[in-house]
Amino acid sequence: MSSGHVTFLGAGPGDPGLLTLRAVEALASADVLVAEPEVLDVVRCHARAGVSTPEMTVVDVASTPAGVPVLRDAANLVMEAAKGGRRVVRAVAGDPGLDGDTGAEMLACAAAGVPFEVVPGIANAVGVPAYAGVPLRDGQGADVRFVDARTASDRCWSEVGASDATAVVSASLDSVAAAAGELVSAGRKPDTPLTVTFAGTTTRQRTWTATLGTIAQVLKQAKVLPSPEGHLPVIAVVGERSSAAQRDQLAWFESKPLFGWKVLVPRTKEQAASLSDQLRSYGAVPHEVPTIAVEPPRTPQQMERAVKGLVTGRYEWIAFTSVNAVKAVREKFEEYGLDARAFAGIKVAAVGEQTGAALVDFGVKPDLMPSGEQSAAGLLDDWPPYDPVFDPIDRVFLPRADIATETLVAGLIELGWEVDDVTAYRTVRASPPPAETREAIKGGGFDAVLFTSSSTVRNLVGIAGKPHNVTVIACIGPATAKTAEEHGLRVDVLSPEPSVHKLAQALADFGAQRRDAAKEAGDPVTRPSERRPGARRRRTTT
């Protein structure tokens, strides 16, 4: 049987955005993905459907008294798959050459005649300080030494301790103080600055600034140690570039406006994607909870007649008021073997940037979108009245939800148009989220909730309960805010425009103001979920 191929791949320190383009290419063609549990979620989303991911964790409570999981021998998993003629990606945290113990696995491939390649990744010792705001070198240049505290010899500590080099030490949380002591014993001054970064490049990142002599006390006062997470890795940077004064100016990642905030996004899965991406750019951790499920209409005949009418020239206009309406018409087109060319000669209107984007993705550029308020009323303000001289057809096709309001229909009729008001889809309340999510909603486990419509308020409260009073409530517009207040919620953030992206920006502005206020008052920057229940909050409109 022909040999397969192995790619030893560096997955970087933890931020999925730090994967290289070559890494993404290799993952897309893999038959087998071998990765430790902490790396698997970073790389799996780039692998093709059906990729095999053999379990590396061995569940053996008796052998893990310290809570450290036992891992299967990765070399055997890799060789077994490669000898079976399969393309294998062996993913490790950081970089295979600096962070991963993959040298023996590479030698095994070479001995067996299995072709392999190495895709470098961003090493933990390089990526983590960059995200912590600690440059390792400056214009004057500097000697940089990398030390692995687990394997460092007495000679290594002596050489680094006797120098004035910037030392980047890979250690565990509960061993970093001992590593600092080794450097002091070897000659480094106890007042030498250092930073210690945990969970670097992820939204769980935390960085402590101290000196070699005070780091043990700092971690104890911060109630970081003792901890069940003491065995987890950290990166410590020792030297003047890690001083607190520099980090205050350079800590770009942890100073993002919503850094570490757990934000509930109660929308349908399809609608939540772009909003979640935007929240991540602000440092937040979005948690998507569908509150609305979209289903076909109970009687599809009306929709079928209307779509056929599009093709036969029954309509002058078609108006889309939601992404779901675009999706419903597109699915019906595909069912009949039609595409965007069926819109030829028909004017297309759309409400909202998301709806317009969905049409463009379909291959249709809207002829009319509201110039002001993105709503049915805003669309009516710009809609031309029917003119029998210029408009050969007087009929409008309006595909919409079963619970939509009559505002648009009545307004179009008043402008002289005939309207085929067609139920294109039904919205029903989604199933309740898992018990853990429901408890987090009611118990204050979320820092913020984004409400994008009145129905998301009603449905979330209905399926999961009312958010805790420490949770920041952000609403897309006055109507949604009114519904939230009717359900006993205090609205903190109101979007300046009825746009999900403006809503996310408004929440980010709120977070930035909150962070600035805490720093100005000399208080620690905390997330809303870390505050005392009942604390007063202010409402902001940006």
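A cavity is a set of grid points where a 1.4 Å probe fits but cannot get out. Keep that in mind for this predicted model. A search of the whole structure finds one cavity of 30 Å³ or more. The volume of the largest cavity is about 30 Å³. Its lining is made up of Val 169, Val 176, Ala 179, Ala 180, Leu 183, Leu 194, Leu 212, Ala 236 and Val 238. Two elements, α7 (176–185) and β11 (233–238), each give two or more residues to that lining. Helix α7 gives the most, with four residues.

Now turn to Leu 27. This residue sits in helix α1, which spans residues 21–28. Leu 27 has a relative accessible area of 0%, which means that it is buried. What is Leu 27 in contact with, leaving aside its neighbours within four places in sequence? The partners are Leu 9, Leu 19, Leu 33, Val 43, His 46, Ala 47, Arg 48 and Val 89. Ala 91 lies 64 residues from Leu 27 along the chain, yet their C-alpha atoms are separated by 9.3 Å.

Asp 95 is the next stop. Its place is in the loop between β5 (87–92) and α4 (103–112). Asp 95 is buried, yet it has no salt bridge. The nearest side chain of opposite charge belongs to Arg 150, 12 Å away. What does the side chain of Asp 95 reach at 3.0 Å? It reaches the backbone nitrogen of Gly 121. Gly 121 is also among the contacts of Asp 95 beyond four places in sequence, along with Gly 10, Gly 100, Pro 120, Ile 122 and Ala 123.

Note on methods:
Residues are numbered from 1 along each chain as its sequence is written. This is a predicted model: local features need pLDDT of at least 70, side-chain atom pairs count only at pLDDT 80 or more; totals for chains, interfaces and linings use all residues. Side-chain values use heavy atoms; hydrogens and water are left out. Buried means under 20% relative accessible area, exposed over 50%, partly exposed in between (1.4 Å probe, protein chains only). Contact means heavy atoms within 4.5 Å. Lys and Arg count as positive and Asp and Glu as negative; His and the chain ends are not counted. A salt bridge is a side-chain nitrogen of Lys or Arg within 4 Å of a carboxyl oxygen of Asp or Glu. A polar contact is a pair of N or O atoms within 3.5 Å; within protein, one must be able to donate a hydrogen and the other to accept it, and residues adjacent in sequence count only if both atoms are side-chain atoms. On a 1 Å grid over the protein atoms alone, a cavity is a set of points where a 1.4 Å probe fits but cannot get out, and a pocket is an open set with protein on both sides within 12 Å along at least five of seven lines; lining residues have an atom within 4 Å of a point. Grid points are joined across faces, edges and corners, and a volume is the space filled by probe spheres set on the points.
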